[in-house]
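Dear colleague,

I am handing over the structure we discussed, and my notes on what was found in it follow directly below.

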Amino acid sequence: MAAQQPPDDAPENSYDEQGHLVLHSTAQFKALGHPIRHRMVNLLRQRPATLRQLAGALGMSKGTIGYHVRVLREAGLVRLAETRQVRGGTEQYFALVSRTFTMDPEGTGGAEFLIRAALDEMVPSEPGQASDTVLRHLWLSDAEAHALEERVRALAEGPHPADPAHGAPYGLLISLFRADVPSLPPDDAD
């Protein structure tokens, strides 16, 4: 099995302190914004896969999957991980350049992008399945907000088994943000 490099036209990627790919380019957001490519990224988070494997999992043709893999590679999100000789041909395995992505803190539109991605993933719940979508407001000090952010990040960065024996995948969209909620002045008791 030979390891391969990203294509010559792939953009230079940057990574944060934890080794997460920092999304910053229009090409990256455009590539991830397409529902098929978003689903492919979720598959490749499980393990490297061939075009045939991706096509089977998504119920699409290898040609269509090949086009979408090329877009992801050109955006610097996917790389050719290895090749294997099989029955007189070469099988190519594609992998994500990083299992985890983060948004450029200087960039704009990251929250909207994540919300759209979550909405695209949501499927209607069936009876008995866990599902909850709510908007709550918390009143926190800066220190409490930072502590909550650290706890949520630690939970989200835990191991992610891709074995169906561990259950079905559920999405978790958590956004800690300063809310535009006005406060009433103290009630003057008469």
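His68 has its place in helix H4, where helices are DSSP runs of H or I with at least four residues, numbered from the N terminus. Please bear in mind that this is a predicted model, in which local features need pLDDT of at least 70 and side-chain atom pairs count only at pLDDT 80 or more, while totals for chains, interfaces and linings use all residues. Residues are numbered from 1 along each chain as its sequence is written, and side-chain values use heavy atoms, with hydrogens and water left out.

His68 counts as buried because its relative accessibility is 6%, buried being under 20% relative accessible area with a 1.4 Å probe and protein chains only. Apart from its neighbours within four places in sequence, His68 is in contact with His34, Ile36, Arg37 and Met40, contact meaning heavy atoms within 4.5 Å.

The buried residues of H4 also include Ile65, Val69 and Leu72, and among the elements that cover the buried residues of H4 are helix H1 (26–33) and helix H3 (51–58).

H2 and H4 pack at an angle of about 80°, with their axes 10 Å apart, the axes being lines fitted to C-alpha atoms over the stretch in contact and the angles running from 0 to 180 degrees between N-to-C directions. H2 is therefore roughly perpendicular to H4, a term for angles of 65 to 115 degrees. In this packing, Ile36, Arg37, Met40 and Val41 of H2 meet Ile65, Tyr67, His68, Val69, Val71 and Leu72 of H4.

Just after H4, Gly76 takes a positive phi of about 80°.

Best regards

Conventions: Buried means under 20% relative accessible area, exposed over 50%, partly exposed in between (1.4 Å probe, protein chains only). Helices (H or I, at least four residues) and strands (E, at least two) are DSSP runs, numbered from the N terminus. Angles under 35 degrees count as roughly parallel, over 145 as roughly antiparallel, 65 to 115 as roughly perpendicular and the rest as oblique.
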